[in-house]
Amino acid sequence: MKKLTIDNFDLKDKRVLVRVDFNVPLDENQNITNDIRIKASLPTINKIINDGGKVILMSHLGRPKGERKQEFSLKPAAVRLGELLGKEVLFVDDCIGEEVESAVNRMKLGDVLVLENVRFHNGETKNDPDFAKQLAQLGDIYINDAFGSAHRAHASTEGVTRFIERCAAGYLMEKEIDYLGSALANPGRPYCAILGGAKISGKIDVINNLMNKVDTLIVGGGMAFTFLKAQGKEIGKSLLEEEKLEMAVDILAKLKNSKAKFLLPVDVVVAEEFTNDSAFETVSVENIPASKMGLDIGLETIKLFKDELLKSNTIVWNGPMGVFEMDNFAKGTIAIAQALVKATEKGAVTVVGGGDSVAAISKAGLEDKVSHVSTGGGASLEFLEGKILPGVAALNDV
Ligand code: AMP
């Protein structure tokens, strides 16, 4: 799945239409509360400026559902981008049409123009060919740097590539494809996947896909309890997906026949209430009291999981080991984050994918110490399910 990248094209004098992810959080006064996504797009933008191209940026923000709604405007993102680049950034309050085309025509080499939210038009999410064609008219080259939107076949991520010949990955996208694609397709062995989070339901396809690829599959977090119950254990008030019990029994049977080693928690931290100040204790998974719920993995489990991680040469991690938002139940997740860092130092390729494990590794302040932290929640999960992402597939092959 090798794709052309921005480095494969001569950008000089070219109108470079870039799909970025400027879907930034805004407060009620339209102040950006976290600009990490804008910062992450700077290498690609600077490359085009430095090479003497014209940068035309498009993105979605929120879910305006085809309507022009001021609270979803990309104007604040354009202003912030100007501050970060230290140069004027142009903004036009639509993404297609005459006004936009003339703004593009007026651009000089090295100029940067941000288009208004593509989701102000229904054609974006419907992947309408006419809308995609109008977007495509704005560029000579298309670059996709929005991995987090690549699992959706929308006009700005997929449709547009039907009308522009030269389509490639930006630097952010390239890194995601390298780690989630190539590294996990040809993993150094042993290869270990560690999954957690609240529910099995969103991750069944990930489990089914990974169990045939990995050497070890570890499951922690809330989802472990449905498996423990499927093994006939008493899990008290712990999270249970009753309707997924049968599926868990099936998965356990499949795992028995697969070559992958499968690990579940052996001890858990339990409490009576789902609050940080609820008294807690660690118990074996054989002795979970009926009145309590498991909210984190215990020390023995941490050791068991850690030993396995430190033996691995490739690790992919998705989902926290416990309710990491509450400090008393964050220890297991933080210990796993630290184990990933250690494994990375020893030379393993370590990939963290999915929204909550990213939040967890950031909470531990360790996001720079693993090989790759994926920016795309849904997109990275779909990658791990073995699906082909339309926004990636649409880019030119090497
Ligand atoms: P997900 O979005 O499925 O990855 O789930 C992430 C959420 O799972 C986080 O908000 C965690 O607090 C939650 N979680 C992890 N472990 C548990 C647990 N043992 N019981 C309840 N929720 C949990």
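Trainee: How many bridges join strand E8 to E9, and how do the two strands run?

Mentor: Keep in mind that this is a predicted model. Strand E8, residues 216-219, is joined to E9 by 3 bridges, and the two run parallel. Two strands are said to pair if there are at least two bridges between them, so E8 and E9, with 3 bridges, count as a pair. One of the residues involved is leucine 217, whose bridge partner in E9 is phenylalanine 262.

Trainee: What makes E9 an edge strand, and which sheet does E9 belong to?

Mentor: The sheet is an open one of 6 strands in the order E9-E8-E7-E13-E14-E15, and the pairing is parallel. Strand E9, which covers 261-263, and E15 are called the edge strands, and each of them pairs on one side only. In general, strands of a sheet pair through backbone hydrogen bonds, either parallel or antiparallel.

Trainee: Why is proline 76 called buried?

Mentor: Its relative accessible area is 15%, and buried means under 20%, so proline 76 is classed as buried. Proline 76 is found in helix H3, residues 75-85, and, leaving aside residues up to four places away in sequence, proline 76 touches Leu26, Gln30 and Ile32.

Trainee: How far is the C-alpha atom of proline 76 from that of phenylalanine 22?

Mentor: Those two C-alpha atoms are separated by 10.0 Å, although the residues are 54 residues apart along the chain.

Trainee: Which other residues of H3 are buried, and what do the buried residues pack against?

Mentor: Besides Pro76, the buried residues of H3 are Ala77, Ala78, Leu81, Gly82 and Leu85. The buried residues of this helix pack against H1, helix H2 (42-50), strand E2 (54-58), strand E3 (90-92) and strand E4 (112-115). H3 is followed by glycine 86, which has a positive phi near 65°.

Trainee: Why does methionine 223 count as buried, and what does methionine 223 touch?

Mentor: The relative accessibility of methionine 223 is 0%, which is under the 20% cut-off, and therefore methionine 223 counts as buried. Methionine 223 lies in helix H9 and, not counting residues up to four places away in sequence, touches Leu195, Gly196, Gly197, Ala198, Lys199, Ile200, Lys203 and Ile207.

Trainee: Is serine 238 buried or exposed, and how do you know that?

Mentor: Serine 238 has a relative accessible area of 6%, and since buried means under 20%, serine 238 is buried. Serine 238 is found in the loop between helix H9 (223-230) and helix H10 (245-257). With residues up to four places away in sequence not counted, serine 238 touches Phe225, Ile288, Lys292, Met293 and Gly294.

Trainee: Why is the largest pocket said to lie between the two domains?

Mentor: Domain 1 (6-171) and domain 2 (178-384) both give residues to the lining of the largest pocket, so the pocket lies between them. About 820 Å³ of space lies in this largest pocket. There are 30 lining residues, of which Ile36, Ala40, Val373, Ser374 and Thr375 are the closest to the centre of the pocket. H13 gives the most to this lining, with 4 residues, and the lining of the largest pocket divides into 12 nonpolar, 12 polar and 6 charged residues.

Trainee: How far apart are the C-alpha centres of domain 1 and domain 2, and how many residues of each take part in the contact?

Mentor: The C-alpha centres of domain 1 and domain 2 lie 36 Å apart. The contact takes 4 residues from domain 1 and 9 residues from domain 2.

Trainee: What can be said about the second largest pocket, and which element gives the most to its lining?

Mentor: About 520 Å³ of space lies in the second largest pocket. Of its 34 lining residues, Gly197, Ala198, Lys199, Gly222 and Pro320 are the closest to its centre. E12 gives the most to this lining, with 5 residues, and by class the lining of the second largest pocket has 14 nonpolar, 14 polar and 6 charged residues.

Conventions. Residues are numbered from 1 along each chain as its sequence is written. This is a predicted model: local features need pLDDT of at least 70, side-chain atom pairs count only at pLDDT 80 or more; totals for chains, interfaces and linings use all residues. Side-chain values use heavy atoms; hydrogens and water are left out. Buried means under 20% relative accessible area, exposed over 50%, partly exposed in between (1.4 Å probe, protein chains only). Contact means heavy atoms within 4.5 Å. On a 1 Å grid over the protein atoms alone, a cavity is a set of points where a 1.4 Å probe fits but cannot get out, and a pocket is an open set with protein on both sides within 12 Å along at least five of seven lines; lining residues have an atom within 4 Å of a point. Grid points are joined across faces, edges and corners, and a volume is the space filled by probe spheres set on the points. Ala, Val, Leu, Ile, Met, Phe, Trp, Tyr, Cys and Pro count as nonpolar, Asp, Glu, Lys and Arg as charged, and the others, Gly among them, as polar. Domain bounds come from an automatic or database domain assignment.
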